[in-house]
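Here is a model to work through by question and answer. Have the structure open as you read.

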Amino acid sequence: MPKKFFTTNSVTSIVVLLLIAVLCFLPTGFQSAVYNGSARAVVEIVETNNSNLYDTGIIKQGEQKCSVRVLDGKFRNKTAEGTNNLVGKLEMDKIFVPGDKALAVIDYEGDNIKYVTLIDHYRINLELILFAGFIILLIAFAGWTGAKAILSFILAVVVMWKVLVPALLKGWNPIWISLFIVAFLTIVIITLVGGYNRKSFAAIAGTLSGTVLSCILAVIFGHLFKIHGAIMAFSESLLYSGYGHLNLTEIFIAATFIASAGALMDVAVDIAAAVYELVEKNPRMTAREAIKSGFNIGRVVMGTMTTTLLLAYSGGYIGLLMVFMAQGTPIINILNLKYVSAEIFHTLVGSFGLVAVAPLTAIISGVMFTGKEGVKSPLEQEAAGENIQM
């Protein structure tokens, strides 16, 4: 038999692939709602009847009747009449026109369609096209590293959906489970993309340090700000759905340091990689010099990353800010409002973690990279390109 050779990077990728596969089949305990005599299907809008809609000036209310043709499932190519109910909210309502595709719930009895409820415009195909384009571009630019980045992206999505969300719904402590998930993803993602080497270890240590600091600040100031977790979109609906036991405020606090975890990883990896390259080019560099260089690099990175957090958090509230300005609301009222205070809280707590992760990673990298030059562990030799015979 021919000999097979695997590097630690390829082994890690295989392990992550297996982990993703296992998590995909892992039951969450909250299975999808399935009702006897109903099925979901994609339908095409053939004809619309808007006679039961009435216009109130800005919004429409009432009922839109649509003649539809089923595109998949057991009723494929059959036609039926569907109903699109409008509730008077622009963010939730939709109007269909002939040629649109929609996701629908079909109620049936035997082989006869009884009722078709139109859920929303069908977008899954567009989402898949966009995601495929993203994968192609990333792999074309970054090659194998880009492929590993895609793996890390998928892993993060699956872990959040299959582990974090079910754990929160089951009433597990939001702070601890979120901290564990962030730490797990940090370790796996950085080692997957960066390999098993001192750069990765320094980046992990720096990221976890910043995450812990963000978590502590989020817990302290989250309670001091007196912002109820119901400020999160649709969270109040969750309480009325039989989950009144959940602590929304702690979930809101946990979401704060979860949201900044990606930025912390980014900064830590950048600084660790930069310091490593400096020391590799100048092996005589002392720990003090390496740390100083790391600080200088960190200052430049901080100049943009903090603004990145601000834009990321506040981008969804442009409409609210426009309302305030249009009504002439005093700035002190705006800054004190619960929604705005929550975004200030998110931004500043995340920024504290970012500012801390830069010097911490620089110190860890400076000490780690300047010790015992020329001596590499077997794992580092493997990451550098030497193979393990399996």
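This is a predicted model: local features need pLDDT of at least 70, side-chain atom pairs count only at pLDDT 80 or more; totals for chains, interfaces and linings use all residues.

Q: At what angle do the axes of α5 and α11 cross, and how are the two helices oriented to each other?
A: Helix α5 covers residues 198-224 and helix α11 covers residues 338-369. Their axes come within 7 Å and cross at roughly 150°. Angles over 145 degrees count as roughly antiparallel. The pair α5 and α11 is therefore roughly antiparallel.

Q: What is the handedness of the crossing of α5 and α11, and how many residues of their contact are nonpolar?
A: α5 passes α11 in a right-handed crossing. Two charged and nine polar residues take part in the contact of α5 with α11. The nonpolar residues of this contact number 16.

Q: Is S178 buried or exposed?
A: S178 sits in helix α4, residues 174-194. Beyond its neighbours within four places in sequence, S178 is in contact with L164, A254, F257 and I258. Its relative accessibility is 1%. The cut-off for burial is under 20%, so S178 counts as buried.

Q: How are α4 and α7 oriented to each other?
A: The axes of α4 and helix α7 (residues 248-281) lie 9 Å apart. They pack at an angle of about 15°. Angles under 35 degrees count as roughly parallel. That makes α4 and α7 roughly parallel.

Q: Which residues of α4 make the contact with α7, and how does the whole contact divide by residue type?
A: The crossing of α4 and α7 is right-handed. From α4 come P174, I175, S178, L179, V182, T186, I189 and I190. The α7 side includes A254, F257 and I258, which also touch S178. The contact divides into 14 nonpolar, two polar and one charged.

Q: Which element gives the most residues to the largest nonpolar core?
A: This core has 42 residues. The elements giving two or more residues to this core are α1 (8-24), α3 (144-169), α4, α5, α7, α8 (287-314) and α11. The greatest share is twelve residues, and it comes from α7.

Q: Which residues does V267 touch, leaving out those up to four places away in sequence?
A: V267 is among the residues with the most contacts inside the largest core, with L155 and L354. One of the residues V267 touches is L354 itself.

How values were computed:
Residues are numbered from 1 along each chain as its sequence is written. Side-chain values use heavy atoms; hydrogens and water are left out. Axes are lines fitted to C-alpha atoms, for helices over the stretch in contact, and angles run from 0 to 180 degrees between N-to-C directions. Helices (H or I, at least four residues) and strands (E, at least two) are DSSP runs, numbered from the N terminus. Angles under 35 degrees count as roughly parallel, over 145 as roughly antiparallel, 65 to 115 as roughly perpendicular and the rest as oblique. A crossing is left-handed if the near helix is turned anticlockwise from the far one by less than a right angle, and right-handed if clockwise. Ala, Val, Leu, Ile, Met, Phe, Trp, Tyr, Cys and Pro count as nonpolar, Asp, Glu, Lys and Arg as charged, and the others, Gly among them, as polar. Buried means under 20% relative accessible area, exposed over 50%, partly exposed in between (1.4 Å probe, protein chains only). Contact means heavy atoms within 4.5 Å. A nonpolar core is a set of buried Ala, Val, Leu, Ile, Met, Phe, Trp, Tyr and Cys residues joined through side-chain atoms within 4.5 Å.
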